[in-house]
Amino acid sequence: MAKGYWVSVYPTVTDPEGFDAYNELAGLAVMAAGGRLLAGIGSRVVAHEAGTAERVVLIEFDSFEQAVTAYESPAYQKALAQLPDGFERDFRIIEGLD
């Protein structure tokens with residue numbers, strides 16, 4: 001079964017302190033759903049073409065379905081409600097190749 005991944009790119013983080021409440025709840029929700037942080041906060045980034053060298057987060061799940069279910073979970077939806085006003089990110093759930 002192919003793994004599932006959350007890929008998040010944050011073009012700008014204008015309120016890092018306001019982002020803390022989301023990070024705490026999101027981390028708990030991801031771990032409870034079986035997600036594993038592969039790259040993220042504090043990781044080095046080199047951007048090319050239209051990319052941005054801001055924060056990128058990569059989370060792995062055992063399956064694509066598990067990744068979708070984790071996003072739709074009440075725990076993660078509670079975390080999303082904590083995102084600060086004006087928050088911007090590019091978020092995708094993708095299926096691995098194998």
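Student: Is R36 buried, partly exposed or exposed?
Tutor: First, a caution: this is a predicted model. Now the general idea. Buried means under 20% relative accessible area, exposed means over 50%, and partly exposed is in between. R36 has a relative accessible area of 30%, so R36 is partly exposed.

Student: Which salt bridge does R36 form with E60, and how far apart are the closest N and O atoms?
Tutor: The closest N and O atoms of R36 and E60 are 3.2 Å apart. Then check where the partners sit. R36 is in strand β2 (residues 36–39) and E60 in strand β3, 24 residues apart, and the pair links distant parts of the chain.

Student: Which residue meets R36 through D62, and at what N to O distance?
Tutor: The side chains of D62 and R36 themselves form the salt bridge, at 3.0 Å, N to O. D62 is in the loop between β3 and α2 (64–72), and R36 is in strand β2, so this pair ties together parts 26 residues apart in sequence. D62 is partly exposed, at 44% relative accessible area.

Student: What do salt bridges that share partners build here?
Tutor: They join K3, R36, E60 and D62 into one network. Trace the K3 end next. The side chains of E60 and K3 meet in a salt bridge of 3.5 Å, N to O. K3 counts as partly exposed, at 30% relative accessibility.

Student: Is E60 buried or exposed?
Tutor: Use the cut-off again: under 20% means buried. E60 has a relative accessible area of 11%, so E60 is buried. E60 sits in strand β3 (residues 56–61).

Student: Which side chain makes a polar contact with E60?
Tutor: Y5 does. The contact between the side chains of E60 and Y5 is 2.9 Å.

Student: How do I read residues that are far apart in sequence? Take S8 and R55: how far apart are they in space?
Tutor: Compare two numbers, the separation along the chain and the C-alpha distance. S8 and R55 are 47 residues apart in sequence and 8.2 Å apart in space, C-alpha to C-alpha. S8 belongs to strand β1. At 4% relative accessible area, S8 is buried.

Student: What separates the C-alpha atoms of I41 and R55?
Tutor: The distance is 6.4 Å, for residues 14 apart along the chain. I41 is in the loop between β2 and β3. With a relative accessible area of 56%, I41 is exposed.

Student: Where does D15 lie?
Tutor: D15 is in the loop between β1 (4–12) and α1 (16–32). D15 is partly exposed, with a relative accessible area of 33%.

Definitions and conventions
Residues are numbered from 1 along each chain as its sequence is written. This is a predicted model: local features need pLDDT of at least 70, side-chain atom pairs count only at pLDDT 80 or more; totals for chains, interfaces and linings use all residues. Side-chain values use heavy atoms; hydrogens and water are left out. Helices (H or I, at least four residues) and strands (E, at least two) are DSSP runs, numbered from the N terminus. Buried means under 20% relative accessible area, exposed over 50%, partly exposed in between (1.4 Å probe, protein chains only). A polar contact is a pair of N or O atoms within 3.5 Å; within protein, one must be able to donate a hydrogen and the other to accept it, and residues adjacent in sequence count only if both atoms are side-chain atoms. A salt bridge is a side-chain nitrogen of Lys or Arg within 4 Å of a carboxyl oxygen of Asp or Glu.
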